[in-house]
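Trainee: Can you walk me through the aromatic rings in this one? I'm new to this.

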Amino acid sequence: ENEGTSYKNNHKLNFDFEVKIDSTSSFAIVPVYEKNNNRRHNVSSSETVSILNDLINKSQGSQFSETDTDRFENKLIYNKRFKNKTSFSLNFENNNSKNKTFSNSQISTIFYEGSNPDDIRNQNAFSNTHTDNYDLELEYRIPITKKQTLTVAGGYVNSLDVDTKETFDYDANTNQYSDFNDLQSYKNRFQTNEINAGVAYEYDHEKGYFQLELGSRWMGYELKSFYNNDVYLNKKTDVLPNIRISNSFKFGKSTRLYLSYRYSGSLPGMYQLLEYQDLSSTLSVSQGNGNLKSKLSNGINLNFSNYDYLTRSGYYIYAGGSLDSRGIMDVVSYDEGFKSFRTFENTSGTGYAYLGASFNKSYKLGINTLSYEIGLNFNLDRFKGKTNDVLYSANSQGLTPKVKLTWDYNKEFIIS
């Protein structure tokens, strides 16, 4: 059982700034700033019973938290055309955010089975996280013929995540939250670096285009953690593929078919790699796996449409999915008191799939336009995991209908 109240106060400011330097080059800046304050009070209770209806554990408590968030995002775009018909583009993006959270937790967890001691908590926690992401992309396009283009691309990505938590237990003698809790305090620093390079070939024709992209990503990470007076250090580098093939065909005036395939990889996340035990919860313990390998996946997309943009009428049919040749799964075990212990392992065969369609129709009623959209989307997610050393597979399915009606009054205002 879980009940809570929340309060949100969010502000966002963004604008576009573009300068045309001359007839062959342009420069644009797109900054975004957000400032948010979120407060939440939550009261929860739970009981775990056996198949014989014997009580195994019982937990109840309340928690108050307040989080202040500052985020700054910026895009810098530069484009240049040369006399020999080649062109150059530079894209730079940064995303910087800071989160400060104060929380007070008063939780009581009683174990009636097993050897776990009862866990009674009354504590304040101060958490600070900040993330700095920088992404630089360079691209040089070389026309081979009127219909063929070769593109040479490269880039650099740097990401830094710092997560710090300090926890203080309540001291009844001083009536203050002054006892520093080493086991529930930590500092994590996770930095990743990526250098990517590749070439792309594009062939444009009257009925569409064909694109082939081949490249590699040299990636590395360093994870450094301070926990309970110990230092944990994990470094690793990897070379991941980046392959993409896409085709677009046009049949008649408004009928199109789009197909694409991609093969790519990504590094494990910070919390999947942490090698100490996270004791934040009274009913579960989480510990990462420093030996995890990178994730590799194959993905396909298909889109078939017959849509007239002039009349805003037609239909779309789309499908796609991704299959992991190497993914990451949860490994969970439960003790006699039904307290869980969670870690991670590599696996294969996980992924997702989707299938959907939508139909659009517009009617001109004098100076006004009435339009509607009817759609249906199906999603399938496939998971794998281990529970008490038993490997399992699970599917999550969802079916989402969509109905949208829009009234356009002489292009002056729109009701949707």
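Mentor: Start with a definition. Rings of Phe, Tyr and Trp pair if their centres lie within 6.5 Å. Keep in mind that this is a predicted model.

Trainee: Which residues do ring pairs link into a cluster?

Mentor: Phe102, Phe126, Phe168 and Phe180.

Trainee: And how many aromatic pairs does the structure hold?

Mentor: It holds 16 aromatic pairs. Take Phe190 and Tyr221 as one of them. Their ring centres are 5.7 Å apart and their planes are at 50°, so the pair is tilted.

Trainee: Where do Phe190 and Tyr221 sit?

Mentor: Phe190 is in strand S9 (residues 186-205) and Tyr221 is in strand S10 (residues 208-227). They are 31 residues apart, and the pair links distant parts of the chain.

Trainee: Is Phe190 buried or exposed?

Mentor: Buried. Its relative accessible area is 6%. Tyr221 is buried too, at 5%.

Trainee: What about Tyr227 and Tyr276?

Mentor: That aromatic pair is stacked. The rings are 4.3 Å centre to centre, with 10° between the planes. Tyr227 lies in strand S10, and Tyr276 lies in the loop between helix H1 (270-273) and strand S13 (277-278), so the pair ties together parts 49 residues apart in sequence. Tyr227 is buried at 7% relative accessibility. Tyr276 is buried at 4%.

Trainee: New topic: charges. Which residues gather in a patch of negative charge on the surface?

Mentor: Glu93, Glu137, Glu139 and Glu213.

Trainee: Where is Glu93, and how exposed?

Mentor: Glu93 is in strand S5 (residues 87-111). Glu93 has a relative accessible area of 37%, so it counts as partly exposed.

Definitions and conventions:
Residues are numbered from 1 along each chain as its sequence is written. This is a predicted model: local features need pLDDT of at least 70, side-chain atom pairs count only at pLDDT 80 or more; totals for chains, interfaces and linings use all residues. Side-chain values use heavy atoms; hydrogens and water are left out. Patches are made of residues with over 30% relative accessible area and no salt bridge: like charges are joined within 9 Å, nonpolar side chains (Val, Leu, Ile, Met, Phe, Trp, Tyr) within 5 Å. Accessible areas come from the Shrake-Rupley method with a 1.4 Å probe; for residues, only the protein chains shown count as cover. A salt bridge is a side-chain nitrogen of Lys or Arg within 4 Å of a carboxyl oxygen of Asp or Glu. Lys and Arg count as positive and Asp and Glu as negative; His and the chain ends are not counted. The place of a charge is taken as NZ of Lys, CZ of Arg, CG of Asp or CD of Glu. Helices (H or I, at least four residues) and strands (E, at least two) are DSSP runs, numbered from the N terminus. Buried means under 20% relative accessible area, exposed over 50%, partly exposed in between (1.4 Å probe, protein chains only). Rings of Phe, Tyr and Trp (its six-membered ring) pair if their centres lie within 6.5 Å; planes under 30 degrees apart count as stacked, over 60 as edge-to-face and the rest as tilted.
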